[in-house]
Amino acid sequence: PRHMTEHSTLNATAATLSQSAHGALNALDNNRNAPTGDIVRTRLHTAQVAGAAVALEVRLAGGAGFLATSPTARRHREAAFLPIQTPTENQLLLELR
């Protein structure tokens with residue numbers, strides 16, 4: 001089914017993002033300069049993946065996912081906040097230019 005393919009793709013992307021984040025943190029821990037562009041791209045991509053993951057969850061949960069008290073609805077609200085969290089998505093995109 002389509003949702004299984006989406007889940008596998010999101011899982012693989014999350015693993016790649018985790019590796020990118022760990023690489024940047026290791027550079028910082030070793031007093032080296034972490035590549036700013038890599039950090040910014042990881043942050044942007046993480047917000048996109050979170051949005052896609054919660055969109056899949058909402059579809060799978062159906063109507064129950066929209067109940068204000070459901071964990072799915074909470075994750076949906078949190079994922080919607082990520083692009084506008086400081087630094088915003090637009091600020092990060094400007095940083096990459």
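This is a predicted model: local features need pLDDT of at least 70, side-chain atom pairs count only at pLDDT 80 or more; totals for chains, interfaces and linings use all residues.
Which residues of helix H3 (residues 71–81) are buried? Residues are numbered from 1 along each chain as its sequence is written, and side-chain values use heavy atoms, with hydrogens and water left out.

**View 1. The buried residues of helix H3.** Thr-72, Ala-73 and Ala-79 of H3 are buried, where buried means under 20% relative accessible area, exposed over 50%, and partly exposed in between (1.4 Å probe, protein chains only). These buried residues fall within an arc of 125 degrees when seen down the axis of H3, so they line one face of the helix; the arc is that of the directions from the helix axis to the C-beta atoms. Helices are DSSP runs (H or I, at least four residues), numbered from the N terminus. Helix H2 (36–61) is included in what covers the buried residues of H3.

**View 2. Helix H2 against helix H3.** The axes of H2 and H3 are 9 Å apart, and the two helices pack at an angle of about 155 degrees, with axes taken as lines fitted to C-alpha atoms, for helices over the stretch in contact, and angles running from 0 to 180 degrees between N-to-C directions. That makes H2 roughly antiparallel to H3, a term for angles over 145 degrees, whereas those under 35 count as roughly parallel, 65 to 115 as roughly perpendicular and the rest as oblique. The crossing of H2 with H3 is left-handed, that is, the near helix is turned anticlockwise from the far one by less than a right angle. From H2, the residues Ala-50, Gly-51, Val-54, Glu-57, Val-58 and Ala-61 meet Thr-72, Arg-75, His-76 and Ala-79 of H3, contact meaning heavy atoms within 4.5 Å. By class, the residues of this contact divide into 5 nonpolar, 3 polar and 2 charged, where Ala, Val, Leu, Ile, Met, Phe, Trp, Tyr, Cys and Pro count as nonpolar, Asp, Glu, Lys and Arg as charged, and the others, Gly among them, as polar.

**View 3. Helix H1 against helix H2.** The axes of helix H1 (residues 2–29) and H2 come within 10 Å and cross at roughly 155 degrees, and the two helices are therefore roughly antiparallel to each other. The crossing of H1 and H2 is left-handed. On the H1 side, the residues in contact include Leu-10, Thr-13 and Leu-17, while those on the H2 side include Val-49, Ala-52 and Leu-56. The contact of H1 with H2 has 10 nonpolar, 7 polar and 3 charged residues.

View 4. H2 and helix H4 have axes that come within 10 Å and cross at roughly 150 degrees, which makes H2 roughly antiparallel to H4. The crossing of H2 and H4 is left-handed. Among the residues that make the contact are Val-40, Arg-41 and Leu-44 of H2, together with Leu-92, Leu-93 and Leu-96 of H4. The residues of this contact divide into 5 nonpolar, 2 polar and 4 charged. Pro-87 is found in the loop between H3 and H4 (89–96), and the peptide bond from Thr-86 to Pro-87 is cis, with omega near -5 degrees. Most peptide bonds are trans.

View 5. Ala-52 of helix H2 counts as partly exposed at 34% relative accessibility, and its C-alpha atom is 8.9 Å from that of Ala-79, although Ala-52 and Ala-79 are 27 residues apart in sequence. Gln-48, also found in H2, is partly exposed with a relative accessible area of 47%; the C-alpha atoms of Gln-48 and Pro-83, 35 residues apart along the chain, are separated by 8.2 Å. Gly-23 lies in helix H1 and, at 37% relative accessibility, counts as partly exposed. Gly-23 and Asp-38 are 15 residues apart in sequence and 9.5 Å apart in space, C-alpha to C-alpha.
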